[in-house]
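Please read the points below with the model open beside you, and follow each residue on the screen as it comes up.

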Amino acid sequence: MQSLELKQVNKSFGSLQVLSDINLKVEKGEFAVIVGHSGCGKSTALRMFAGLETATTGEVLADGKPIAGPDPQRVMIFQEHALYPWRTVEANVGFGLELAGVDKKEKRARVNAVLDKVGLDGFQRYYPHQLSGGMRQRVAIARALVVDPEVLLLDEPYGALDAITRLQMQNELIKLWRGTGKTMVLITHDIDEAVYLADSIYVMSPRPGRIIQKLTADMPRPRARNSQAFVDLRQQIMDSLDIGTYSI
Ligand SMILES: Nc1ncnc2c1ncn2[C@@H]1O[C@H](COP(=O)(O)OP(=O)(O)OP(=O)(O)O)[C@@H](O)[C@H]1O
Ligand SMILES: [Mg+2]
């Protein structure tokens, strides 16, 4: 698995400074979560790991080597899952393998195995509009997993889901991570989700985004959301985001 690192990274779009002196290291197989206010540069940072964005200054590294561009070992999963509406589940998930020239028989076997893993066995022939939001997100995850990348980069993957599906998907994600040992970087607005999933949590300031706090979540899994350690960590994040309280 790959380790990922941003070293003294600054990023500007024209005169707009988006990231300021970001230092962040995700170890191989670690589950890192980034939280921060809207517009603070979280997606921009994640896109750097995906090779879709470059730093204005500083270094973006995978296993200590500069990231030069997109790489099938590092796959991004978005909130709007961007499935092809005219392709079946099977054809959506198999798309990357098709591009890679994998033969039909192997493709089908790998697609079926990964659909089974995300709980979508039997839905091969469905079209995206025939699925629920949670199922569509599972298809997006399956599409990322089928190429067996070392790194999953998840940009608010559950932002569009209802609360119940979201909790269920968090459990599925943890299971998947534990079963594969992949390096994970996930962005979320949901503080509970961060505490539930993460090994380490990076809290970012409003734009220009800086890392204002790195927290370690070392509670055993599965985590009890009402345990003292959980509640304390949630409070620490809210304090550093400055949203823990208000005056009337
Ligand atoms: N390609 C681009 N060109 C110009 N400005 C950009 C570009 N991409 C991002 N930005 C700007 O960078 C800032 C940070 O955007 P980014 O998408 O990284 O924020 P974010 O933390 O992911 O926000 P959100 O939580 O709302 O998704 C925004 O002000 C945005 O307008
Ligand atoms: Mg974003």
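1. Across the interface of domain 1 and domain 2, two salt bridges are found, and, as this is a predicted model, they should be read as features of a prediction. In one salt bridge Lys182 is paired with Asp148, and the closest N and O atoms of this pair are 2.7 Å apart. Residue pairs in polar contact between domain 1 and domain 2 number three, counting those where both residues are at pLDDT 80 or more.

2. On the side of domain 1 that touches domain 2, it is helix H6, covering residues 163-180, that gives the most, with six residues.

3. For orientation, the domain assignment places 27-52 + 154-248 in domain 1 and 79-148 in domain 2. The contact between them draws on 14 residues from domain 1 and 10 residues from domain 2, while the C-alpha centres of the two domains lie 26 Å apart.

4. The size of an interface is often expressed as the accessible area that is lost when the parts come together. Between domain 1 and domain 2 the buried area is about 930 Å², and carbon and sulfur atoms give 60% of it. Within domain 1, the residues that lose the most area to domain 2 are Met169, Leu176 and Lys182, which together make up 38% of what that side buries.

Note on methods. Residues are numbered from 1 along each chain as its sequence is written. Chains are lettered from A and ligands numbered from 1 in the order in which they are written. This is a predicted model: local features need pLDDT of at least 70, side-chain atom pairs count only at pLDDT 80 or more; totals for chains, interfaces and linings use all residues. Side-chain values use heavy atoms; hydrogens and water are left out. Domain bounds come from an automatic or database domain assignment. Contact means heavy atoms within 4.5 Å. Buried area is the accessible area (1.4 Å probe) that two parts lose on being put together, summed over both. A salt bridge is a side-chain nitrogen of Lys or Arg within 4 Å of a carboxyl oxygen of Asp or Glu. A polar contact is a pair of N or O atoms within 3.5 Å; within protein, one must be able to donate a hydrogen and the other to accept it, and residues adjacent in sequence count only if both atoms are side-chain atoms. Helices (H or I, at least four residues) and strands (E, at least two) are DSSP runs, numbered from the N terminus.
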